[in-house]
Amino acid sequence: MGRNDYVLRKVLVGIPVLIGVVTLVFFILHLTPGDPVRLMLPPDASEEDIVRMREHLGLDDPLPVQYFRYWGRAIRGDFGRSLRSQRPVLKEITARLPYTIELAIVAVILSSVIGIPVGVISAVKQDTIFDNISRAIAFLGVSLPSFWLATMFILLFALVLGWFPPSGRDGPLWTLAGLRSIFMPALTLAVGSAAGLARLARSSMLEVLRQDYITVARAKGLGERLVYTRHALRNALLPVITFMGTQFGYLLGGAVISETVFAWPGMGQLAVNAIFFRDYPLIQGIVFFYAIGVVLVNLAVDLTYALVDPRISL
Amino acid sequence: MLRQLTKNRMALIGIILICILVVLAVAAPWITPHDPLSQSLRDRLAPPSRAHPLGTDYYGRDVLSRIIFGARYSLTIGLISIGIGLLFGATLGLLAGYYGGMLDRLLAALIDVLMAFPGMLLALAIVGILGPGLFNVMLAVGIWSVPIFARIVRAVSLSTRETEFVLAARAVGAGGGRIMFRHILPACIPAIIVLSTLRMSTAILTAAGLSFLGLGAQPPTPEWGSMLNESRGALRQAPWVATFTGLVITLTVTAFNFVGDALRDILDPRLRQ
């Protein structure tokens with residue numbers, strides 16, 4: 001199978017996931033009791049107004065008609081208007097999206113920079129004090145509620161020590177103020193996945209180090225450092241890459257909490273507010289974008305995999 | 001099995017913690033020093049003292065009493081949402097694994113779609129559709145657990161379907177329902193026990209997270225996530241509210257993780273990825 005076939009197949013696998021998620025959301029939204037039209041109009045609106053509004057929005061049409069119309073519009077980028085702000089849903093989302101992506105990328109970098117080396121060193125120095133301590137911390141890191149961690153970060157770093165601002169985004173990343181403001185939200189997001197990464201990198205590295213070809217490399221007289229870096233690491237990091245991809249999806253979920261606690265102006269905050277106001281078009285649009293995000297990330301992981309693991313293109 | 005479990009030190013700690021939690025939750029009305037809802041403006045934001053071992057919150061409510069009552073909410077939320085996930089997940093998994101064919105392919109596709117979506121986002125989307133509230137949060141966490149239970153039960157059913165005792169049951173004329181529930185389901189029980197314990201921690205964590213966002217339990221309910229959210233208003237003046245509440249959540253989650261990990265090693269090593 002050529003590399004192009006592999007890429008094509010992976011792209012094709014993502015499409016049903018996207019269609020499935022959007023279909024589920026559409027039908028659940030339209031089958032749950034409660035009339036969105038009543039929420040959109042003032043409480044004293046007459047029955048006639050409600051009927052006219054329903055017709056205007058096409059909510060009287062059969063469900064399948066509405067479903068295909070929704071897709072037709074979504075493909076053209078038309079997700080309707082937010083009930084609350086009356087702005088197009090697409091505009092609302094694209095205004096927030098960059099901040100969430102920025103946060104997620106910084107968090108991924110932080111968690112890899114912390115998690116992978118700790119896990120690898122833990123494996124190389126198995127059963128030493130370093131290994132035991134880092135394993136204990138990693139176990140704790142997986143159980144820590146991120147919303148508590150965020151609260152404690154604010155208490156310690158912002159209120160007591162005053163090192164970082166307690167909330168908000170103070171400018172682009174290349175400014176000092178911007179960097180300071182992204183630090184706590186990104187670290188909150190990173191801790192959980194850094195712990196997971198460290199555990200996985202450790203077990204994966206240990207497994208590779210037991211393989212025959214590592215023994216061969218040592219028998220050839222290669223130095224330990226070269227064995228680890230050139231031979232072991234590359235194979236040990238394969239599962240780590242997959243894990244990072246799934247983590248990216250979890251980071252999108254975790255970002256909801258981090259963004260809310262730190263008043264970070266991203267998609268997560270938008271989503272929580274949309275839920276509070278039962279802003280259905282906006283909720284639907286956000287889920288659509290999250291689904292696209294998850295599919296794209298899974299695709300990116302598969303492609304990176306093909307680059308790192310030469311066996312795949314065979 | 002119990003002896004094997006108590007030999008593992010981590011699991012023992014976990015079991016003791018869970019037992020304490022259950023006792024506290026059940027006995028809450030009799031052992032709490034104060035009413036978790038009674039406000040006392042005179043005692044607002046009081047630091048830990050003899051009268052209030054963990055201090056008081058913004059409305060002068062006793063933090064210890066609220067945390068103890070919170071155990072009731074968290075354990076109930078965990079049990080109900082796991083119950084929902086188990087009931088629907090196991091039934092679907094059994095049907096798909098036993099009958100196979102079109103039904104199985106459809107279910108496998110549905111599981112893939114749901115599993116591709118990160119849990120917190122899925123729970124959030126479901127709460128977004130159903131609206132905020134404690135019951136909807138349990139439903140959301142439950143629905144999110146359905147594919148996870150369905151997948152494992154389906155896998156075990158698929159392999160059990162071809163075993164000799166199932167063939168024998170069929171040969172003596174047992175019907176599909178009887179075979180599924182009397183012969184195949186018992187084979188799934190170890191995996192179900194392990195998964196339920198591990199999912200307890202995720203369920204409690206996610207539900208508390210949603211309540212923290214204001215989408216689940218509403219004030220003044222003494223639910224841990226909601227308490228943490230309320231504590232942020234007076235974080236500087238009364239850091240003990242957030243500190244102790246979060247510590248209890250962490251301990252609870254860790255306890256279930258300890259026991260779940262140990263159970264997995266004993267009952268079903270295959271579950272280890």
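## Helix α11 of chain A

The buried residues of α11(A) are Met267(A), Gly268(A), Gln269(A), Leu270(A), Ala271(A), Val272(A), Ala274(A) and Ile275(A); a residue is buried if 20 or more other C-beta atoms, placed from the backbone, lie within 10 Å of its own. Because 8 of the 10 residues of this helix (residues 267-276) are buried, α11(A) is largely enclosed by the rest of the structure. Just after α11(A), Arg278(A) adopts a positive phi of about 50°.

## Model and confidence

This is a predicted model, in which local features need pLDDT of at least 70 and side-chain atom pairs count only at pLDDT 80 or more, while totals for chains, interfaces and linings use all residues. Residues are numbered from 1 along each chain as its sequence is written, and chains are lettered from A and ligands numbered from 1 in the order in which they are written.

The mean pLDDT (the predictor's confidence in each residue, from 0 to 100) of chain A is 83, and 94% of its residues score at least 70.

## Architecture of chain A

Chain A contains 12 helices and 0 strands; helices (H or I, at least four residues) and strands (E, at least two) are DSSP runs, numbered from the N terminus. Its C-alpha atoms fill a box of roughly 85 × 60 × 35 Å along the principal axes.

Of the 314 residues in chain A, 37% are buried. Among contacts in chain A (C-beta atoms, placed from the backbone, within 7 Å) with a separation of 6 or more, 72% join residues 24 or more positions apart.

## Interface between the chains

The contact between the chains takes 37 residues from chain A and 36 residues from chain B. On the chain B side, the elements giving two or more residues are α4 (101-116), α5 (119-130), α8 (176-212) and α10 (239-267). The largest share of that side, 9 residues, comes from α5(B).

## Packing of α8(B) and α10(B)

Helices α8(B) and α10(B) pack at an angle of about 165°, with their axes 8 Å apart; axes are lines fitted to C-alpha atoms over the stretch in contact, and angles run from 0 to 180 degrees between N-to-C directions. The two helices are therefore roughly antiparallel. Residues making the contact include Ile193(B), Leu198(B) and Ile204(B) of α8(B), and Val253(B), Phe256(B) and Leu263(B) of α10(B).

Technical notes
Buried ≥ 20, exposed ≤ 12 C-beta atoms within 10 Å, placed from the backbone. Contact = placed C-beta atoms within 7 Å. Parallel < 35°, antiparallel > 145°, perpendicular 65-115°, else oblique.
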